[in-house]
Protein chains: 2
Amino acid sequence: MVAHPSRRREATLEDVAREAGVSVATASRALTGRGPASNATRTRVAAAARELGYVPHAAARALATRSGTHVVVAVGGHTAHVLDDPYVARVLTATARTAAARDVGVSVRWLPLHDPGELGRLAEDRGIGGIVLVNPTRPALAAVPRAARGRIAAIGIGTRDVPSFDVDNGAAATRLVEHLVAGGRRRVAMITGPLWLPCTRRALAAYHRAAAESAIPPRAVPGDFTAARGGSAAAEIMARWPDTDAIFALGDLSALGALGALRRAGVDVPGDVAVAGFDDIDFAALSDPGLTTTTNPVEAIATGAATAVLDRRAPGPPTLYPSTLVLRDSA
Amino acid sequence: MVAHPSRRREATLEDVAREAGVSVATASRALTGRGPASNATRTRVAAAARELGYVPHAAARALATRSGTHVVVAVGGHTAHVLDDPYVARVLTATARTAAARDVGVSVRWLPLHDPGELGRLAEDRGIGGIVLVNPTRPALAAVPRAARGRIAAIGIGTRDVPSFDVDNGAAATRLVEHLVAGGRRRVAMITGPLWLPCTRRALAAYHRAAAESAIPPRAVPGDFTAARGGSAAAEIMARWPDTDAIFALGDLSALGALGALRRAGVDVPGDVAVAGFDDIDFAALSDPGLTTTTNPVEAIATGAATAVLDRRAPGPPTLYPSTLVLRDSA
DNA sequence: CCCACCCATGGAAGCGCTTCCACCACAAGG
DNA sequence: CCTTGTGGTGGAAGCGCTTCCATGGGTGGG
């Protein structure tokens, strides 16, 4: 039990000011650190606030400062199902943790591919303090009014059209292909992500370049980041190009799906076909054989993006996080 | 591109009122549906709002109505690491989706086991519209002041001390043990969750009861829901009771960890030892062999809890969701 | 010794919304 | 015809905070 006088009104800034013997204006300045305030008052006010268990009213503050009370994670995709993607869950969790530290909430929203206006509408909502974009489309970005541009920061497997934080998946794809080739593989196929995603196209381009350099035939089939599609894509690959000796999937989920399908089909992994993924999700380590993959520092990326949004930092150039190779048994 | 006059102030209720030729008071009443308003005004105001693209300022509304702007998902645990648990991620995602539909944000907070006061402080934060509790401790619940009780709803693998939504893991554990016994297993060990969790104790009790009924020796070691601990716990079990022929873990992550450890140790699964989990996470289907487990409808549970919080529904008795057995190859 | 300057402070005006209350017109009952 | 309702409406007072602006008491330079 806690010693709470049970019928007390919760403390407001006015109470704190009275307790500290200053005006609300001064109390506000002392507490927020904005504007002048002597050290003496600063500590006195802080003490009063602690004493009274004062917690600032986020809505009132937002109203007065004309800033939003929450940031939204907006995810582009064909269906609302993208919100169920574990990748999105990681972004959301990291964003929420970052935001919680500054006492702002987080929402998720699906940005339908077919309705580019949604993002514009979101950007006009004054309740929103910032937007973390995941995989937005160009048309959607174009739909946000100039005036609202300042409030937006971007992130993710997504665009480079706005300041963003992203993993360098071009380099990762290249390194992975090189590793497979170094291991003696000569027929390296790729399961991509959805083709409308710029990041898919970048990774695909890197794959094509690496394949050309190693003189291996390009073999790519489109995927959608799901395990189910990974399985069917692997089957498709083996049917079309039976001599394939390695499969690289954009996304561990797809890679694990492919791995499962191959094993069920009696293919030896990595004996007959090597399998590699992308993201290094927890389960990559648990599969049998362990999945070779490259890391995707989603948490760092999401945290960086959320921090940038919350600080309203000046838009810089896209920031690329490095991805490192994780060697396990599947390749 | 969207046709937005680029330098326009966003519409406020005052603009809507002027456009509709009524006062702000009337506009507010017409829009919210609270208080009297003639049908004519109601439609006129609605039209004006649509025309102007008016979206109510959530913070201002929250300030005026003294209601919160976001709901927080509060997770009890030893370390802040609990926030990384995939289970929590699922709860968070589902809550965020539900909340987004009503335009409220969501935060996550860690409730340290050693600081029961944190929840009380949370409950006093006027910015918070509701709290979804995950695994709160009794002392923490006791620390929330009476006055704030009305704002709380609870959920999860957690408590039954407040109105809650939970999976019936007692029944699930019983069913799983019975299934293992029916399959001829006689030495069924269990890897539990953290012992301070009521849900762990309930599942453990169910296991003990089922074991007693089937005359099998009780063998339980504590776990923590992680894959790593699952692996070490399995090793511990096999060292202490070498004749164990089945392991049931509370949580698929632990089960998969155990499965991996057993295979690496050269144990045949399910030949020598059967393995079963709990939760039916995506990866349960992808492991080799596929993991036998029981479902945990987290999304439904979280959605139900979030809805209850948002609607401020009268606290009812704890609601139990059924768990169904998913038979795969590991048991 | 005075003036200019500066820093710390308090008063007060909002931010956009809800809601209490007084008000008005009109209908029905005495 | 006057009273007593009644439902629709507008005025205005906040909700708790930030911030502009004016004010005051200090310091240093002239």
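User: Which helices make up the surface near DNA strand D, in the sense that each supplies at least two residues?

Analyst: In this predicted model, chain A contributes α1 (13–20), α2 (24–32) and α4 (58–65), while chain B contributes α2 (24–32) and α4 (58–65), each with at least two residues of that surface.

User: What makes a residue count as part of the surroundings of DNA strand D, and which come closest?

Analyst: The criterion is a C-beta atom, placed from the backbone, within 6 Å of the strand; 27 residues surround DNA strand D, and the closest are A:Leu13, A:Ala25, A:Ser28, A:Ala64 and B:Thr26. By class they divide into 14 nonpolar, 9 polar and 4 charged.

User: Which elements and residues lie around DNA strand C?

Analyst: For DNA strand C the elements that each supply at least two residues are α2 and α4 of chain A together with α1 (13–20), α2 and α4 of chain B.

User: How many residues does each chain give to the contact between chain A and chain B, and which elements of chain A take part?

Analyst: Chain A gives 50 residues and chain B gives 49. On the side of chain A that touches chain B, the elements with two or more residues are α4, α5 (86–101), β2 (105–112), α6 (117–124) and α11 (252–264), and α5(A) provides the largest share with 7 residues. That side divides into 24 nonpolar, 15 polar and 11 charged residues.

User: Why is strand β1 (residues 70–77) of chain B described as largely enclosed?

Analyst: A residue is called buried if 20 or more other C-beta atoms lie within 10 Å of its own, and 8 of the 8 residues of β1(B) are buried, so the strand is largely enclosed by the rest of the structure. Both faces are covered, with B:His70, B:Val72, B:Ala74 and B:Gly76 buried on one side and B:Val71, B:Val73, B:Val75 and B:Gly77 buried on the other.

User: How do you know that β1(B) is paired with β2(B) and with β3(B)?

Analyst: Pairing requires at least two bridges between strands; β1(B) has 8 bridges, in the parallel sense, to strand β2 (residues 105–112) of chain B, and 6 bridges, also parallel, to strand β3 (residues 128–134) of chain B, therefore both count as paired by that criterion. B:Val71 has B:Val106 as its bridge partner in β2(B), and B:His70 stands opposite B:Ile128 in β3(B).

User: What makes up the right-handed β-α-β unit in chain B?

Analyst: β1(B), helix α5 (residues 86–101) of chain B and β2(B) make up this right-handed unit.

Methods. Residues numbered from 1 in each chain as written. Chains lettered and ligands numbered in written order. Predicted model: local features only at pLDDT ≥ 70, side-chain atom pairs only at ≥ 80, totals over all residues. Helix = DSSP H or I, 4+ residues; strand = E, 2+ residues; numbered from the N terminus. Nonpolar A, V, L, I, M, F, W, Y, C, P; charged D, E, K, R; others polar. Contact = placed C-beta atoms within 7 Å. Buried ≥ 20, exposed ≤ 12 C-beta atoms within 10 Å, placed from the backbone. Right-handed = clockwise from strand over helix to strand, strands pointing away.
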